[in-house]
Amino acid sequence: MHRTSRTPDSPGKKMLSEQVYAHLRGAIMRGEYAPGQALKPQDLAKKMDVSLAVVREALVRVVGEGLADRLPNRGFAVPAFSDRRWQEIAEARRTIEPVLLRMSIERGDLDWEARVRAAHHRMAGTPVYLPGDGEHYSEAWSESHRLFHRALIDGCGNPVLLETFDRLWTASELTRRWSTRRNPDRDGVEEHRRLEEAALARDADAAADALARHLTLTAAGLEP
């Protein structure tokens with residue numbers, strides 16, 4: 001990356017900000033910055049050879065996604081592992097998502113069933129890890145994972161509830177990856193298979209229970 005002397009609102013600055021944002025987001029997701037580690041704008045600007053304004057703009061976006069905190073008079077930092085919000089988000093998901101799945105099973109049509117089957121097929125066929133990336137999820141698998149969970153509940157037909165799911169999913173993405181690294185022996189493939197089978201069998205009780213267990217295991221991976 002190179003510094004730019006263009007005006008603050010120039011396309012060049014926006015492009016640099018997008019690059020820095022993508023770098024920071026990816027680095028945090030990959031665990032290159034530890035939970036609680038400071039994200040110092042001046043150090044990042046020097047490392048990436050960009051202006052301080054560009055770095056701050058990118059950091060604000062990362063904060064908006066819940067991947068960093070803005071600390072009063074102390075700059076920015078990766079959220080702490082012990083932050084109570086992670087368990088609060090997990091509790092919210094365990095409360096809301098099984099209900100949405102029940103609604104989808106009740107209201108979903110054949111098109112919904114096809115979306116669930118297709119989303120699961122895509123996720124199952126997408127490599128979870130890429131060569132050289134070690135224990136870090138591939139971006140392609142992460143997106144297919146999100147789309148599968150979204151397909152499970154989008155038959156509910158309520159856009160307000162679906163927006164709530166979308167916000168909670170984004171807020172929990174970082175901790176989902178932390179949890180996986182702390183519990184590498186978890187059989188996610190089997191968990192997702194059971195979810196698909198129960199949903200398509202229209203067994204609301206089994207599907208809701210499977211989803212609640214799935215979410216509980218993720219939250220358990222965050223406990224001290």
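**Terms against values**

Colleague: Which helices do the buried residues of α9 pack against?

Modeller: They pack against α4, α6, α7 and α8. Bear in mind that this is a predicted model. Packing here rests on contacts, meaning heavy atoms within 4.5 Å.

Colleague: Which residues of α9 are called buried?

Modeller: Ala207, Ala208, Ala210, Leu211, His214, Leu215, Thr218 and Ala219.

Colleague: What span does α6 have, against what is expected?

Modeller: Helix α6 covers residues 139–153, which is 15 residues. From first C-alpha to last, α6 reaches 22 Å, close to the expected 21 Å. Among its buried residues are Trp141, His145, Phe148 and Leu152. The buried residues of α6 pack against α4, α5, α7, α8 and α9.

Colleague: What is the overall make-up of the chain?

Modeller: The protein chain has 9 helices and 3 strands. Its elements run α-β-α-α-β-β-α-α-α-α-α-α from the N terminus on. Buried residues make up 43% of its 224 residues. Residues 24 or more positions apart account for 69% of the contacts with a separation of 6 or more.

Colleague: What makes β1 and β2 edge strands?

Modeller: The sheet is open, with strand order β1-β3-β2 and antiparallel pairing. β1 and β2 each have a single partner strand, so one side of each is left without a neighbour in the sheet.

Colleague: Why do β2 and β3 count as paired?

Modeller: Pairing takes at least two bridges between strands. β2 and β3 share 3 bridges, in the antiparallel sense, so they count as paired. One example is Leu71, whose bridge partner in β3 is Gly75.

Colleague: Is Lys14 buried or exposed?

Modeller: Lys14 has a relative accessible area of 53%. The cut-off for exposed is over 50%, so Lys14 is exposed. Lys14 is found in helix α1. From Glu57, Lys14 is 43 residues away in sequence but 9.3 Å away in space, C-alpha to C-alpha.

Colleague: Why is Asp49 called partly exposed?

Modeller: The relative accessible area of Asp49 is 29%. Asp49 is found in the loop between α2 and α3. Asp49 is not a glycine, yet has a positive phi of about 60°.

Colleague: Which loop holds Arg202, and what is its phi?

Modeller: Arg202 is found in the loop between α8 and α9. Its phi is positive, about 60°, although Arg202 is not a glycine. Arg202 has a relative accessible area of 29%, so it too is called partly exposed.

Colleague: How many residues line the largest pocket, and which are closest to its centre?

Modeller: The largest pocket holds about 520 Å³ of space. It has 29 lining residues, and Tyr137, Trp141, Thr180, Gly188 and His192 are the closest to its centre. By class, that lining has 10 nonpolar, 11 polar and 8 charged residues.

Colleague: What is the class make-up of the second largest pocket's lining?

Modeller: About 240 Å³ of space lies in the second largest pocket. Closest to its centre, of 13 lining residues, are Arg25, Glu143, Arg146, Trp169 and Glu173. Arg and Glu count as charged, and Trp as nonpolar. The whole lining divides into 3 nonpolar, 2 polar and 8 charged. The largest share, 5 residues, comes from α7.

Note on methods. Residues are numbered from 1 along each chain as its sequence is written. This is a predicted model: local features need pLDDT of at least 70, side-chain atom pairs count only at pLDDT 80 or more; totals for chains, interfaces and linings use all residues. Side-chain values use heavy atoms; hydrogens and water are left out. Helices (H or I, at least four residues) and strands (E, at least two) are DSSP runs, numbered from the N terminus. The expected span of a helix is 1.5 Å times one less than its number of residues. Buried means under 20% relative accessible area, exposed over 50%, partly exposed in between (1.4 Å probe, protein chains only). On a 1 Å grid over the protein atoms alone, a cavity is a set of points where a 1.4 Å probe fits but cannot get out, and a pocket is an open set with protein on both sides within 12 Å along at least five of seven lines; lining residues have an atom within 4 Å of a point. Grid points are joined across faces, edges and corners, and a volume is the space filled by probe spheres set on the points.
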